[in-house]
There are 4 protein chains.
Amino acid sequence: MSSIGLWLVGARGSVATTAITGLLALRARVIEPTGCVSALPRFSGAALPDWDSFRIGGHDIADLALDKRAELLTEAGVIPHRVFEAVRSGLSSVDSEIRPGYHPATHSGSQADAARRLADDIGDFAARHELEQVVVVNVSSTEPVFPSLPEHATLKALEAAMAVPGRTVLPPSSVSAYAALRAGCPFVDFTPSTGIRLPALEDLAAGQKLPYAGSDGKTGETLVRSTLAPMFTTRALTVRSWAGTNLLGGGDGLTLADAEHAGSKLASKGRGLASLLGGEVTAPLHIDNVPDLGEQKIAWDHVSFEGFLGARMSLQFTWTGYDSALAAPLVLDLARFTAAAHAAGSVGPLPALAFFFKDPIGTAEHRLAEQFAALTDWAESL
Amino acid sequence: MSSIGLWLVGARGSVATTAITGLLALRARVIEPTGCVSALPRFSGAALPDWDSFRIGGHDIADLALDKRAELLTEAGVIPHRVFEAVRSGLSSVDSEIRPGYHPATHSGSQADAARRLADDIGDFAARHELEQVVVVNVSSTEPVFPSLPEHATLKALEAAMAVPGRTVLPPSSVSAYAALRAGCPFVDFTPSTGIRLPALEDLAAGQKLPYAGSDGKTGETLVRSTLAPMFTTRALTVRSWAGTNLLGGGDGLTLADAEHAGSKLASKGRGLASLLGGEVTAPLHIDNVPDLGEQKIAWDHVSFEGFLGARMSLQFTWTGYDSALAAPLVLDLARFTAAAHAAGSVGPLPALAFFFKDPIGTAEHRLAEQFAALTDWAESL
Amino acid sequence: MSSIGLWLVGARGSVATTAITGLLALRARVIEPTGCVSALPRFSGAALPDWDSFRIGGHDIADLALDKRAELLTEAGVIPHRVFEAVRSGLSSVDSEIRPGYHPATHSGSQADAARRLADDIGDFAARHELEQVVVVNVSSTEPVFPSLPEHATLKALEAAMAVPGRTVLPPSSVSAYAALRAGCPFVDFTPSTGIRLPALEDLAAGQKLPYAGSDGKTGETLVRSTLAPMFTTRALTVRSWAGTNLLGGGDGLTLADAEHAGSKLASKGRGLASLLGGEVTAPLHIDNVPDLGEQKIAWDHVSFEGFLGARMSLQFTWTGYDSALAAPLVLDLARFTAAAHAAGSVGPLPALAFFFKDPIGTAEHRLAEQFAALTDWAESL
Amino acid sequence: MSSIGLWLVGARGSVATTAITGLLALRARVIEPTGCVSALPRFSGAALPDWDSFRIGGHDIADLALDKRAELLTEAGVIPHRVFEAVRSGLSSVDSEIRPGYHPATHSGSQADAARRLADDIGDFAARHELEQVVVVNVSSTEPVFPSLPEHATLKALEAAMAVPGRTVLPPSSVSAYAALRAGCPFVDFTPSTGIRLPALEDLAAGQKLPYAGSDGKTGETLVRSTLAPMFTTRALTVRSWAGTNLLGGGDGLTLADAEHAGSKLASKGRGLASLLGGEVTAPLHIDNVPDLGEQKIAWDHVSFEGFLGARMSLQFTWTGYDSALAAPLVLDLARFTAAAHAAGSVGPLPALAFFFKDPIGTAEHRLAEQFAALTDWAESL
């Protein structure tokens, strides 16, 4: 009895594959919803669509079928064998709903054409399955930082530029956001890419009366940082430096070792820390590609702080996580919360979803506990 | 223009010496109030007594004068040389306000006699300096666990037993609490010792219309735990084990290496973790005496947790702090907040002060962010 | 073309199962000998028996068949699926060579009877397969500390006591050692249990002209300690404290959480550290049972040291290992080296094998690099 | 009764100041020689000059007098107050032996002129104090990587180029090395700068019949690496990645945060690791400037390794040290060992001193234990 679509941009990536596998496994009752915030008892009263309500489709520029990708994640230890066996055929079925993604290097014609095609894919999906709503979530690879252009200022200027054949006025994430909005769908950005964060697109969302959320899912080091930083500030302890190193394997490590791609990720992380601590602090941060770690992500942070009478103290932590396993349930949560917001008529940014993001849109609140309080208050009001 | 007394039980210990040194240094404007929660801008509107309002006295069974103790802490790196020089004579002056503490081993007569003498010391101090209020804070060494006795149930039974010469019906911390209440003073327990936590004494506080707070200052590992644990629960991540090791030097290490004394401290820490995580979890915990660490305290925690699809992940942290430097400003904060509560007519436990304690009296709230929110709400209402 | 027997005491435990699985996999050429010291190029010239030379049997008090045990280890992530599939039938075949172990609780009659039965099992195994030599390696669970008795002083006194029905003069590990020697087999103790370390048994080994080695395989925290400690001593840096915590899951965690069993393990670890640092040092050490860790073993060590001008510095490390995967290849190495020593006519303790042990028999050398040099020199001389 | 000169290039830097302070304190018997390798009992039989034999001078481009620099290090916690008081006047006296260093930016004329002046300074120092030998040790700041030039190939070509006014054919460290050799002095490079490592200068040393040693003192992360790496290789464990992060305060952090200067340091560290592990391995390495750490240096390393049956395991360590306190005693050790080598007629590189260096000259041996064995063997042969 599905009536809501979840359309994933980057539908064959690690995060999407894990999310889809998990959703099918939840439906098949072969796993518990560990890591799913929306499944906490305190949200049981909120008007959230259940796991059975969702039908999945998406875009991807990659060809490797979803079940093959899931097989690799099973070998890498992210998906248990028994779960993979239980959902293997379901994955093949979902894979048939994935359409080719947009990438400037392989596209001829205007970005307007590209966006129209993407929007049509979503529209066809909705029509084919008689869906009442479709939530679009971007979980594709992090893009290099895209330059700010004057055409981003207004929808009119943007659409004029998009109509010029061969002109690349938007990065792929923003083309996807544009297409989603044009197709009448809320857009959620789980990556630090530009996505919807352009005045022209924000205007379009307002015009279309659609909600949106983002950006950059908070799954590891930043999750811990947004938890710990308020400890120092509420205890009046002065943080003097906060150094961090991230070791990433998998495709993410490869993408982010490229300094251009890492740019947006590092900026996103840095903004949060300064905001949490109430000002700039020495905070060197590195992302290293360490392929042998596979799907694992290891972060080491060293915080040097000062207390009473100038006492010099420190806190260091090491986080060892599986990025896809941390991100996937949040993607499902975001689909549920955003669908509910859309159904309730919310328009514009959804600051109540800041709990999920490194660089939340529509709020300056980075403290995890306060974000959770805001989420629960909002969910109760739905 | 002092008009409030701060009476410290254990006034010549590390924590008290650091707190007194800091208070004198704050008054002399030679340090900033780093680590003082009550000095955060958000409390500037609250009706809190300022640093100049306090006059200090106390009990201690130790003889080493306050300025000598401060000199040792200066050599140990806890107090900067320039601060010590600035307050040295002030410390001598405070030392003259310290009276012999009570200890069963050196006391003959009844505990009622002892309590009367302690209460008289506080009363004399108040009279001598024309103080409007005196707040009593216990910062003495952690006691061994004291057995529960039927006489603790009612004030009448307790006082009858206290009157029997040679009978030890209360541990020293509770004798101090009794004396404070009899002297008309609010009582704050910064240690995990029994203190005021007996029905008979809680009745006495109610009868005397006095507020009280405790227990066991949250200064290190537990501070971090109460910050991090909600991250797991709000993210629906299942904590499977949380192991901890504490390395302590100084007198604290020596006291707590004695398994009997450690009993109350470990119990206090364990209660918090179970409450934070919503149930029991494998949580081995050790306190080791490592004299070469001096005033430093090092804690290592390893948290093993489970995420989506059963993914096994971990977080470990190492905390390196100076216990006295962390505790001392909180003692001053508690004096300010408790004096304000007393002045405002509060009676009974002060759950709004849970932010400061490992094992808060009057509330089951252990989450640091929620405790801080409760503190700020309450302070604004004063 | 097997001609050497490897007889494992505790043949159905984790370490044995992993070692047997690995040996079968090495023979089947489905794995590389990673972790096998004897397979290093520098030992290619030594006269060591190859993987194909060994036939395996053993004793165990547990009933769970070897292939079932291996299946559990496969689920726990210690044995890869493809390896398990490749050796499954071989494991069943080895399981048929396992005979019931000895345990006082289930044995009636004298320990002499028990030892005779154990020796006969080994003898039958050798005869059945026409083996030239059999090396006995104890990899059973760590025993509680066994009291020292006067009867341990001489072989005559010991055998007289063993002949008394119902008398328990030896722990099981020593009964196994006695049986091995009586069967004409070298004995290697991979555990901290008493084993061969009794004057009476050492005399028996000498009389039987047999070599022996032990004790307590060095696989984790102690391996790192024996590597790092010489760094401090050769750099003239003074170690002031060395604290350690071990988190163990699996059966090992359960056994060692029992303080009596941990006694022998902790003593074994402590002896090494004092020897490495040239004297006693504050060195609290804990072993905690953390079942959720499964086969994983996590150790945290904190070393506080002093340098020039009294500078206070520290080194801390966290080791995350799979105990069985670390121990198993060493068991195979010890079988090869000990068989070669036996063939070469060595009698008595084999100090050259100290490289493998926490508490080496026959030498006070605990430094890993020096142990390795001794091993290579000795191996070349074989 | 001084008869040996110790001439420090960078004589007013942190390392030199700490070394000089320490030497004076050792002579005054106010400290123990903790951290001094040459003071270990096992070198008591070697023909090493004692602490009283040395007279100190040096070059520096900085003006801040030695006693002022020592005062800053005292405030930073590197030098104890009582030690500073004991040697303060001695420091002033040494400061009068420091001559202006050479820097291209402030020098007009040829590098030959500069070198002549530097050599004359050393010669005057030796004559003034009737010294039999002078050992020159470079402890100045790390230089940017200097390009390789054809003129470095032969002494003749080099001297021709040095004679050209305004031409910078050598970095300052190499000008110092040249001057030292011309003055008849052994040269030791404690930094990763080019120094003596040019064919032309090595020829000069041979021609002058002088020994030399270097380079880059091994004091922290690399010390631990050269200790731990052999553990993996001798246990046949495969290191898959070895990531490192260094947090540095003080002048060193500032210098090395400049990517050009860090170049030589990172290259030096990387060479050692590849050599230790027998091949290239993924090994990202960072040096961050974290000013609030002051003289402290913190390194975090994460080693991912593979064991039997492909088991994935890890070791991570955090090193917290005071760089100057670690380096200073080694500078004194190198003065003693090099003076002894010179007295014994050694010519050319001194590979036996590899124990002290990250990037040893004259040997490919990076394993700490083997380096120590080589040092002791060599010292006994002196």
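This is a predicted model: local features need pLDDT of at least 70, side-chain atom pairs count only at pLDDT 80 or more; totals for chains, interfaces and linings use all residues.

Author: Residues are numbered from 1 along each chain as its sequence is written, chains are lettered from A and ligands numbered from 1 in the order in which they are written, and side-chain values use heavy atoms, with hydrogens and water left out.

Reader: How many residues does the contact take from domain 1 of chain A and from domain 2 of chain A?

Author: Contact means heavy atoms within 4.5 Å. Domain 1 of chain A contributes 19 residues and domain 2 of chain A contributes 21 residues.

Reader: What area do domain 1 of chain A and domain 2 of chain A bury between them?

Author: Buried area is the accessible area (1.4 Å probe) that two parts lose on being put together, summed over both. Here it is about 1,600 Å², with 60% on carbon and sulfur atoms. On the side of domain 1 of chain A, Thr142(A), Lys358(A) and His366(A) lose the most area to domain 2 of chain A, together 33% of what that side buries.

Reader: How many salt bridges does the rule find across this interface?

Author: A salt bridge is a side-chain nitrogen of Lys or Arg within 4 Å of a carboxyl oxygen of Asp or Glu. The rule finds 0 between domain 1 of chain A and domain 2 of chain A.

Reader: Is Gly57(A) buried or exposed?

Author: Buried means under 20% relative accessible area, exposed over 50%, partly exposed in between (1.4 Å probe, protein chains only). Gly57(A) counts as buried because its relative accessibility is 0%. Leaving aside residues up to four places away in sequence, Gly57(A) touches Leu6(A), Trp7(A), Leu8(A), Glu97(A) and Phe125(A).

Reader: Why is helix α6 of chain B largely enclosed by the rest of the structure?

Author: Helices (H or I, at least four residues) and strands (E, at least two) are DSSP runs, numbered from the N terminus. Helix α6 (residues 172-182) of chain B is largely enclosed because 9 of its 11 residues are buried. Among them are Val175(B), Tyr178(B) and Leu181(B). The buried residues of α6(B) pack against several elements of chain B, including β1 (4-9), α4 (111-128) and α7 (199-208). Just after α6(B), Gly184(B) adopts a positive phi of about 80°.
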